[in-house]
Amino acid sequence: MSTLDELAPAAALFHSLADPVRLSIVQRLARGEARVVDLTRDLGLAQSTVSKHLACLRGCKLVDYRAEGRQSFYSIAVPELLDLLRSAERLLTATDRAVALCPTYGTDAGTRA
């Protein structure tokens with residue numbers, strides 16, 4: 001049995017992926033590397049938003065980049081992240097996406113009074 005302190009890194013990992021913008025960036029990078037301009041175009045987000053969330057993902061060492069001239073190409077840093085995403089999709093399918101109905105974390109959780 002794990003203590004709460006031992007579970008803190010795992011909780012931080014899931015928290016880092018809990019933001020829809022960060023998750024959409026990770027999902028896009030799962031298809032291949034991209035520049036900030038590519039991500040803003042593909043995801044319909046502002047450059048500042050993409051850059052802020054990339055910084056978070058880089059800080060968590062989930063995303064890395066390589067410089068080519070004045071451009072930076074971002075990619076998934078560890079292939080295990082792709083395994084986690086695939087497992088999450090299987091879990092969502094197995095539970096018929098019931099988490100969307102969760103009163104605490106579901107899609108309508110913030111609108112309930």
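A crossing of two helices is left-handed if the near helix is turned anticlockwise from the far one by less than a right angle, and right-handed if clockwise. The model is predicted, so local features need pLDDT of at least 70 and side-chain atom pairs count only at pLDDT 80 or more, whereas totals for chains, interfaces and linings use all residues. Residues are numbered from 1 along each chain as its sequence is written, and side-chain values use heavy atoms, with hydrogens and water left out.

**Figure 1. Helix 2 crosses helix 5 in the left-handed sense.** Helices (H or I, at least four residues) and strands (E, at least two) are DSSP runs numbered from the N terminus. The axes of helix 2 (residues 20-30) and helix 5 (residues 80-94) approach within 11 Å and cross at roughly 110 degrees; axes are lines fitted to C-alpha atoms, for helices over the stretch in contact, and angles run from 0 to 180 degrees between N-to-C directions. The two helices are therefore roughly perpendicular to each other (65 to 115 degrees; under 35 is roughly parallel, over 145 roughly antiparallel, the rest oblique). Helix 2 contributes Leu23, Val26, Gln27 and Ala30 to the contact, and helix 5 contributes Leu81, Leu82, Leu85 and Glu89 (contact: heavy atoms within 4.5 Å). These residues comprise six nonpolar, one polar and one charged (nonpolar: Ala, Val, Leu, Ile, Met, Phe, Trp, Tyr, Cys and Pro; charged: Asp, Glu, Lys and Arg; polar: the others, Gly among them).

**Figure 2. Helix 3 passes helix 4 in a right-handed crossing.** Helix 3 (residues 36-43) packs on helix 4 (residues 47-59) at an angle of about 115 degrees, with the axes 9 Å apart. Val36, Leu39 and Thr40 of helix 3 meet Gln47, Val50, Ser51 and Leu54 of helix 4. The contact of helix 3 with helix 4 holds four nonpolar, three polar and no charged residues.

**Figure 3. Asp42 lies in helix 3.** Asp42 counts as partly exposed because its relative accessibility is 34% (buried: under 20% relative accessible area; exposed: over 50%; partly exposed: in between; 1.4 Å probe, protein chains only). Asp42 and Ser24, 18 residues apart in sequence, are separated by 9.9 Å from C-alpha to C-alpha.

**Figure 4. Ser16 is placed in helix 1 (residues 4-17).** With a relative accessible area of 3%, Ser16 is buried. Leaving aside residues up to four places away in sequence, Ser16 touches Arg22, Leu57, Cys60 and Leu62.

**Figure 5. Strand 1 and strand 2 form a hairpin.** Strand 1 (residues 63-68) pairs with strand 2 (residues 71-76) in the antiparallel sense over six bridges (pairing: at least two bridges found by DSSP). Val63 faces Ile76 in strand 2. Two residues lie between the strands, and Gly69 in the turn has a positive phi of about 65 degrees.
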